[in-house]
Amino acid sequence: MTLKEVSADRNNNLDLIRFCAALLVILCHAYPISMGEGHMDLLGRITGGQIHFGNLAVCIFFLYGGFLIAKSAERLQTAGAYFKARVFRLFPCLIAVTFFLSFLAGPCLTTYSLGEYFSQKGTYQYLLNSIMVLTHNLPGVFEGNIYGQTVNGPLWTLPIEFLCYIMCFLIWGIGLLNEKWMKWTIPLFAAGMIGLKLILDPQGLLVSALRPAGLFYAGMLYYVYRDKIRLYWQGALLCLCALVFFTWRGFLDVVIYVFLPYLLMYIGYGTRYKFSNFARYGEISYGIYLCGWPIQQVICMQFGGKMEPWLNFLLTLPIAVLCGYLLYRLVELPIARLQKKSTNSASR
């Protein structure tokens, strides 16, 4: 069976996988938030820091994102329709969470008086996160936590994601998003990634940023060549073994773009039994992703600023799921209905 055949409808495991990935982000962050910077989850320790659960989760989001956004570019075709869909997807929940943290949670958590808190420039600078200008701290919030005052660390991925959206549309716009021309972008993209790593990032500090972008591009490639790619469980198992072997040898950063995409595409689309109804009550992974870190910081604050990671994870889990669901019901669903209504009106 080809990837094109199994990805033609919504019968897939993507909602379940993204939900699990959002939980992995919380699990990963439980360690530095609870014990301090430098502490890693089990996967990070096993791989010698080459990858941890949080980075794996981000790679999952970006790979499937590249596949689906390439499909969106091909379907929508105009810049207005394409970026309108992307803005409606990313910004409403981001704005809602940012304003909530700044004006409702912040005043309750700060060590400042209300008058002092609302007179601080940082209270209003934090709102820049609504437009992906990253500002990490709120005045007097989480001052006693062992990790520090970072209010919502995972937001760093969103500007990278939006840049990937722009890259995808540009590739489509100049006519490269097809089987004839897309293959010529591979050496260019590889050279660009190597150049950025060697010239701008010799110490490997930007790996966390470059890796998701590379996986997003891999997702685009899989979309373009989906009718040439056949999914077999044997191939997925081989890729898993290769990932384990090369990670053990210290070469994960080289081979992750080769073996992880096929493995994830098989898990997402190629299995015989699929959990296509998993998100029938709402796709809440994005909401969980946005809310997880602040909840973890609040819980850690209640334990005096330091605690056991497993306890932080277990206490955060139900609250994050609830917040993700509320964001879906109160923000994402109404926005989706508004978007559908405006699209229908424009087509008349």
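Me: A salt bridge here is a side-chain nitrogen of Lys or Arg within 4 Å of a carboxyl oxygen of Asp or Glu; how many salt bridges does the structure hold?

Reply: The structure holds seven salt bridges. This is a predicted model, in which local features need pLDDT of at least 70 and side-chain atom pairs count only at pLDDT 80 or more, while totals for chains, interfaces and linings use all residues. Residues are numbered from 1 along each chain as its sequence is written, and side-chain values use heavy atoms, with hydrogens and water left out.

Me: OK, which residue does Arg211 pair with?

Reply: Arg211 forms a salt bridge with Asp253, at 3.3 Å from N to O. The two residues are 42 apart and join distant parts of the chain, since Arg211 sits in helix 10 and Asp253 in helix 12 (residues 252–270); helices are DSSP runs of H or I with at least four residues, numbered from the N terminus.

Me: What does Glu74 pair with?

Reply: Glu74 meets Arg226 in a salt bridge, with an N to O distance of 4.0 Å. Glu74 belongs to helix 4 (residues 53–76) and Arg226 to the loop between helix 10 (207–224) and helix 11 (233–248), so this pair ties together parts that lie 152 residues apart in sequence. Glu74 counts as partly exposed because its relative accessibility is 31%, while Arg226, at 17%, counts as buried.

Me: Where do Arg18 and Asp15 lie?

Reply: Arg18 and Asp15 both lie in helix 2 (residues 14–35), where three residues, about one turn of the helix, separate them. Their closest N and O atoms are 3.0 Å apart, in a salt bridge, and both residues are buried.

Me: Which residues are linked in a network of salt bridges?

Reply: Arg89, Glu283 and Glu332 are linked in such a network.

Me: Switching to the backbone, what is phi of Gln77, and where is Gln77?

Reply: Phi of Gln77 is near 70°, which is a positive value in a residue other than glycine. Most residues other than glycine have a negative phi. Gln77 is placed in the loop between helix 4 and helix 5 (79–109), and its relative accessible area of 45% makes it partly exposed.

Me: How about phi of Met132?

Reply: Phi of Met132 is near 65°, again a positive value in a residue that is not glycine. Met132 lies in the loop between helix 7 (121–125) and helix 8 (157–173), and with a relative accessible area of 12% Met132 is buried.

Conventions: Buried < 20%, exposed > 50% of the residue type's maximum accessible area, 1.4 Å probe, protein only.
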